[in-house]
Amino acid sequence: LSTLINDQVADDALLAMLDPQARTWLAQTLGDAALLGSETRFRVAYAQATRKLARSVDAGATTREQTVDLAGTNAPEDDLVERVRRRLLGALLAHTPAAEHEARLSSLYRSGEQREQVGVLRALAHLERPERFVTLAIEACRTNSLVVFGAIAHDNPYPATHFPELHFNQLVLKSIFVGLSVVRIVGLRERAGVELARMVREYASERSAAGRSVPEDVQRVLTVCSSLDPR
Amino acid sequence: MRLFDPHIHMTSRTTDDYEAMAREGIAAIVEPAFWLGQPRTHVGSFEDYFLSLLGWERFRASQFGIRHFCTMGLNPKEANDSKVAAGVLELLPLYLEKDGVVAVGEIGYDDMTAAEEKVLVAQLELAREHALPVLIHTPHRDKKRGTERTLSVLADLAFPPALALVDHNNEETIRQVLDAGCWAGHSIYPATKMDERRMVDIVKQFGHERVIINSAADWGVSDPLKVPKTAKLMRESGIAESAIETICWDNPVAFFAQSGRLDLDDAPKVDQRALFEGNSVLRGQTPRVDG
């Protein structure tokens with residue numbers, strides 16, 4: 001019961017941020033069991049969210065759910081569209097048999113355009129039993145889109161909590177590789193280890209051998225790793 | 001001098017590129033099957049892609065006097081999707097038997113996952129069954145370790161190193177690749193991988209035996225003229241003409257000829273009146289017809 005009350009409070013807070021039209025749309029969508037149970041209708045509603053919320057976003061509605069990054073600073077504010085999509089995904093799972101959760105979320109991710117994919121990735125850590133979605137999250141790291149990669153790599157507690165070591169390390173290395181600051185990788189300090197240090201050191205060596213500059217993040221990661229490794 | 005670009009993804013390039021490549025002396029190319037910048041989610045997308053490499057793309061190249069060959073394979077990135085990987089592996093035996101398929105590739109490691117290794121091993125076995133050499137991609141991240149692991153997989157399977165072209169080398173990987181007896185490919189890129197100047201230094205240090213260069217041009221920022229540009233810089237840097245010819249023609253020819261399907265006898269005569277399934281590369285231009 002307390003979860004239900006909390007959900008209701010969270011919904012009320014979210015709805016209060018929206019302009020009247022968007023508020024009606026979201027309330028109706030969340031209350032429409034047939035829509036939530038229909039793969040096609042849900043996909044349409046999920047895709048529409050950016051346009052349905054455009055006026056609220058323009059009006060400056062923001063929400064704040066902060067994570068603290070490596071530098072101890074606060075991550076940027078949560079995006080309103082992402083917050084609404086996260087709520088939609090929560091409702092979707094609540095109306096779908098558990099055995100279908102992974103398939104539904106994967107299909108939504110696979111068929112999504114960039115911001116829809118971001119919405120899925122930013123929601124993962126907040127969904128029930130999030131460890132079920134680790135394959136989807138690892139696959140997302142193979143994207144060529146920096147926006148999508150950033151959604152899983154930056155300010156997102158999911159990888160540090162759920163990724164096996166290989167994939168967490170690959171995520172850190174790819175961040176350095178594509179120039180997304182490692183400062184915003186949540187949980188880097190907790191997950192950094194000897195193998196990550198080796199990978200990053202070899203990357204620096206490869207850059208040097210090629211006569212190229214070594215990104216600052218290399219030293220940043222090595223410092224984090226060495227503070228944990230007694231050697 | 002005739003030039004060979006043994007690794008270029010022409011499906012994402014324009015006819016302007018073909019024209020420029022022919023003008024700069026590129027007479028033959030190999031287009032490896034790779035990914036398309038975002039993951040395919042159906043096995044059928046792979047099949048259509050394989051067919052376009054064999055069909056429309058070979059025709060487009062011929063319209064500019066360039067010999068087009070290809071390699072077929074499941075790339076390491078998409079090997080991680082178990083839903084498509086199994087289906088693509090089933091398709092491959094059909095496509096590996098096509099004329100003009102001169103290797104299995106690009107295969108190899110990306111993140112170095114267990115799924116990638118399984119698909120790599122399966123395709124090395126396919127190469128053996130179909131008597132083809134292999135074109136091996138090495139990872140962008142953790143490259144040195146990835147290259148070491150690739151070479152140890154080849155050794156474990158007793159795969160003949162002479163039939164393996166290990167690609168995308170740099171200063172830190174070439175020695176182990178050459179020492180293993182494999183061919184060493186180098187992708188000359190505008191900003192990442194390898195550049196012309198560094199390639200000259202590598203040739204000066206390691207010589208030209210089993211050394212290959214390519215543009216690896218694709219849908220990203222890349223340059224389909226990197227083979228001629230690197231050949232020119234090698235020449236200006238005092239590398240012998242015979243060594244340049246070995247690197248830019250003889251080596252890729254010798255490697256892919258091991259397939260028994262690298263037919264270079266008659267250079268295609270340009271006849272732009274030709275049609276492919278009713279389609280022309282021209283849009284109202286006067287067809288070029290070489291006598």
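Predicted model: local features only at pLDDT ≥ 70, side-chain atom pairs only at ≥ 80, totals over all residues.
Reader: How much area do chain B and chain A bury between them?

Author: About 2,000 Å², with 44% of it on carbon and sulfur atoms. In chain B, the residues that lose the most area to chain A are D111(B), R141(B) and D142(B). Together they make up 29% of what that side buries.

Reader: What makes R142(A) and D111(B) a salt bridge?

Author: Set the distance against the cut-off. The rule asks for a side-chain nitrogen of Lys or Arg within 4 Å of a carboxyl oxygen of Asp or Glu. In R142(A) and D111(B), the closest N and O atoms are 3.3 Å apart. That value is within 4 Å, so the pair is called a salt bridge. Across the interface of chain B and chain A, the rule finds 2 salt bridges.

Reader: Why is T230(B) called buried?

Author: Buried means under 20% relative accessible area. T230(B) has 0%, so T230(B) is buried. This residue is found in helix 10 (residues 226-236) of chain B.

Reader: Which residues is T230(B) in contact with, leaving aside its neighbours within four places in sequence?

Author: T230(B) touches I188(B), E196(B), M199(B) and I213(B).

Reader: How do you know that strand 4 and strand 5 of chain B pair?

Author: Count the bridges. Pairing takes at least two bridges between the strands. Strand 4 (residues 101-108) and strand 5 (residues 134-137) of chain B are joined by 4 bridges, so they pair. They run parallel. G105(B) stands opposite L135(B) in strand 5 of chain B.

Reader: What is the order of the open sheet in chain B?

Author: The 8 strands follow the order 1-2-3-4-5-6-7-8, with parallel pairing. Strand 1 (3-5) and strand 8 (211-214) of chain B are the edge strands, as each pairs on one side only. From one strand to the next, the twist averages 25 degrees.

Reader: Which strands does helix 2 of chain B touch?

Author: Helix 2 (residues 43-54) of chain B packs on the sheet, touching strand 2 (26-32), strand 3 (67-72) and strand 4 of chain B. The direction of helix 2 makes about 155 degrees with that of strand 3 of chain B.

Key
Residues numbered from 1 in each chain as written. Chains lettered and ligands numbered in written order. Heavy atoms only, no water. Helix = DSSP H or I, 4+ residues; strand = E, 2+ residues; numbered from the N terminus. Axes fitted to C-alpha atoms, helices over the stretch in contact; angles between N-to-C directions. Contact = heavy atoms within 4.5 Å. Buried < 20%, exposed > 50% of the residue type's maximum accessible area, 1.4 Å probe, protein only. Buried area = accessible area lost by both parts, 1.4 Å probe.
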